[in-house]
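Let's take a friendly walk through the charged pairs of this protein. Have the sequence and the 3D view ready as you read.

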Amino acid sequence: MSRAEELAANLAAVQARIATAATAAGRDPAEVGLVVVTKYFPASDVRLLAGLGVAEVGENRHQEAEAKAAECADLGLRWHFIGGLQSNKAAAVAGYADVVESVDRPKLIAPLDRGAAARGAVVDVLVQVSLDPPGRDQRSGVEPAGLLDLAAAVEEADHLRLAGLMAVAPLGEDPAAAFARLADLRAELLADHPGATTLSAGMSGDLEQAVAVGATHVRIGSAILGSRPRVQ
Ligand SMILES: *Cc1c(COP(=O)(O)O)cnc(C)c1O
């Protein structure tokens with residue numbers, strides 16, 4: 001099998017999983033966007049995926065993302081930054097990312113806003129919220145108690161648009177239980193910010209549980225591209 005055939009088969013299988021999960025939840029499969037997470041894989045894979053109709057890709061490391069976005073600039077893709085963000089890199093990330101999904105603290109807002117302004121763009125921002133039980137080691141994300149303050153601060157920035165929420169299910173817990181808490185947090189956010197409708201949740205292992213609670217975007221890497229090198 002060629003790489004193109006392999007990606008096509010994996011992509012079709014993931015799309016079928018999304019459709020089945022959406023239908024089971026009484027949702028239209030078209031409501032669930034697919035962000036293919038291409039981290040650790042070469043720009044040639046991004047190009048093949050674009051040829052298969054993929055429109056949105058996700059990356060989690062700034063240098064790799066910046067280089068790939070430049071190499072694939074002709075493809076008209078929507079680039080999502082989904083990784084831990086250092087404040088000294090934030091302006092540069094806003095220089096190519098269309099969506100920054102991993103905003104977890106106020107300190108990122110000013111440099112993101114500056115980077116978006118320099119590019120003459122408005123960048124969509126998702127606030128990443130932690131679903132870890134209190135007292136557990138953070139996998140990352142703002143604590144739920146700080147969500148509304150952070151969202152309000154994003155809303156104030158001229159070149160950022162508060163688009164919604166992102167979360168990762170904690171390790172060692174049933175993702176359905178974690179995503180149920182996420183759905184409650186989303187309802188709280190929407191009460192204050194009715195335009196913040198995006199819910200990015202669900203990965204290769206738990207997309208069904210995320211679609212069941214209303215995810216509008218799933219972020220799928222290994223189920224489409226294969227397993228990543230272990231050095232992460
Ligand atoms: C790597 C990554 C994904 C994709 O994970 P898979 O299990 O490979 O589908 C999704 N979201 C985030 C934040 C990631 O870092």
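## Ground rules

Helices (H or I, at least four residues) and strands (E, at least two) are DSSP runs, numbered from the N terminus. This is a predicted model, in which local features need pLDDT of at least 70 and side-chain atom pairs count only at pLDDT 80 or more, while totals for chains, interfaces and linings use all residues. Residues are numbered from 1 along each chain as its sequence is written, and side-chain values use heavy atoms, with hydrogens and water left out.

Side chains of opposite charge can pair when their charged atoms come close. The structure holds 14 salt bridges (a side-chain nitrogen of Lys or Arg within 4 Å of a carboxyl oxygen of Asp or Glu).

One of them joins R3 and E6, at 3.4 Å from N to O. Both residues belong to helix α1 (residues 3-24) and sit three residues apart, about one turn of the helix.

## Pairs across the chain

D98 and R119 form a salt bridge whose closest N and O atoms are 3.1 Å apart. This pair links distant parts of the chain, 21 residues apart: D98 is in the loop between α4 (87-93) and β4 (99-103), and R119 is in helix α5 (residues 109-119).

R161 and D124 also meet through their side chains, at 2.9 Å from N to O.

D124 and R161 are linked with E56 and R78 in a network of salt bridges. Within it, D124 is buried, with a relative accessible area of 12%, and R161 is partly exposed at 38% (buried means under 20% relative accessible area, exposed over 50%, partly exposed in between; 1.4 Å probe, protein chains only).
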